[in-house]
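Subject: Structure handover

Hi there,

Here is the structure I promised to pass on.

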Amino acid sequence: MICHKSQGLFGKKNTTERQEEKEKNTIQTLKIDGIKALKTGQFEHAKAFYEKILELKPNDLDGLIYLSKIYIREHNIAPAIEYMEKVREIAPNSIETKVSLTNLYLLEQQYEKALEISKEIIATEEKNTEALYLEGTAYYKLKDLFSAIASLTKCLTIDNYQIDALYLRGKILFEMQQYNNALEDLDKILERDKNNESALLLKAKIAEATSNMEEANTLYEKIIELNPFHTEAYLSIAQLCINQNNLDQALAILDETIELSPEAAASYHLRGSVRFSLNDKEGAMADYQKLIELDPSKKEMINGEFKSL
């Protein structure tokens, strides 16, 4: 009887082992299927595979990470954060996970949370330039400009050509009207990448702010030469023309802008204003209506302009 019971116990153990092995093989197959689905662009299928993995093994890192990436691709940040927070619970010392989470919280405009996690990283790795840049970004979003500059300067002390940090510090200095210092950062970017559109655009804004309109126009034209679909550069040139009361030229530029990028709402707003100034009320009305169609949030803003038509 005793031997018989022991065999029963051993048989039960073997059944458990076989079940665990089967589950392990199922998860591995689902992971392979998930990767194949991702490679072929079948993201909903991939999501289903990884969700099934988490049903079988809720703390599976691959399942959590890939589901987070899929949601990021869908611009659905809240569930992406939820999955990455679970990854952080499982691997609390992973710097890569914390960096990913900080970026996600910035995207979700949860700047205090982003700041908190970036500081966690820096407490562990004080020379982590990515974390220092993210800390500076969080401070900037929280409108603490001096702390932002301090974080970015620490980053740049370690890596003097960290492009993102140079650009953000230059942007903050521009907003603080420290134009010469801002230009120093932008020129460092352009030494490495002479065609950096963001740096060229900000440099053009500084030229405008310092009343160097000819240089501003030249820089905007260079940006358009590099990128014929750069709407902001077109709009900036049009605004320069408006400021010089050259409305016909501004209108011609805006017509070209809209032809190239017909979904850019800001172009219709500016062209509507120009048409109104040229006494083309029908054209202005059409542009304002298109603006509201593309960006319904602008409806209240232009109510006054509609009333004038």
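Let me begin with Glu44, which is exposed at a relative accessible area of 52% (exposed means over 50%, buried under 20%, and partly exposed in between, with a 1.4 Å probe and protein chains only). Please keep in mind that this is a predicted model, where local features need pLDDT of at least 70, side-chain atom pairs count only at pLDDT 80 or more, and totals for chains, interfaces and linings use all residues. Residues are numbered from 1 along each chain as its sequence is written, and side-chain values use heavy atoms, with hydrogens and water left out.

Glu44 has a salt-bridge partner in Lys47, with 3.5 Å between the closest N and O atoms. By salt bridge I mean a side-chain nitrogen of Lys or Arg within 4 Å of a carboxyl oxygen of Asp or Glu. The two residues sit three apart in helix H2 (residues 43-56), so about one helical turn separates Lys47 from Glu44. Helices here are DSSP runs (H or I, at least four residues), as are strands (E, at least two), numbered from the N terminus.

- Glu85 and Arg88 form a salt bridge at 3.1 Å between the closest N and O atoms. They are three residues apart in helix H4 (residues 77-90), about one helical turn, and both are buried.
- Lys113 and Glu116 meet in a salt bridge at 3.6 Å, N to O. Both lie in helix H6 (residues 111-124), again three residues apart, about one turn. Glu116 is partly exposed at 38% relative accessible area, and Lys113 is partly exposed at 26%.

Salt bridges with shared partners also join Asp255, Arg271, Arg275, Asp280 and Asp287 into one network. In total, the structure holds 19 salt bridges.

As for the chain as a whole, its secondary structure comes to 17 helices and zero strands. Its radius of gyration is 28 Å, well over the 19 Å that the globule rule gives for 309 residues, so the chain is more spread out than a compact globule. That radius is taken over C-alpha atoms, and the rule is 2.2 Å times the number of residues to the power 0.38. Along the principal axes, the C-alpha atoms fill a box of roughly 105 × 50 × 35 Å. Buried residues make up 40% of the 309.

Best wishes
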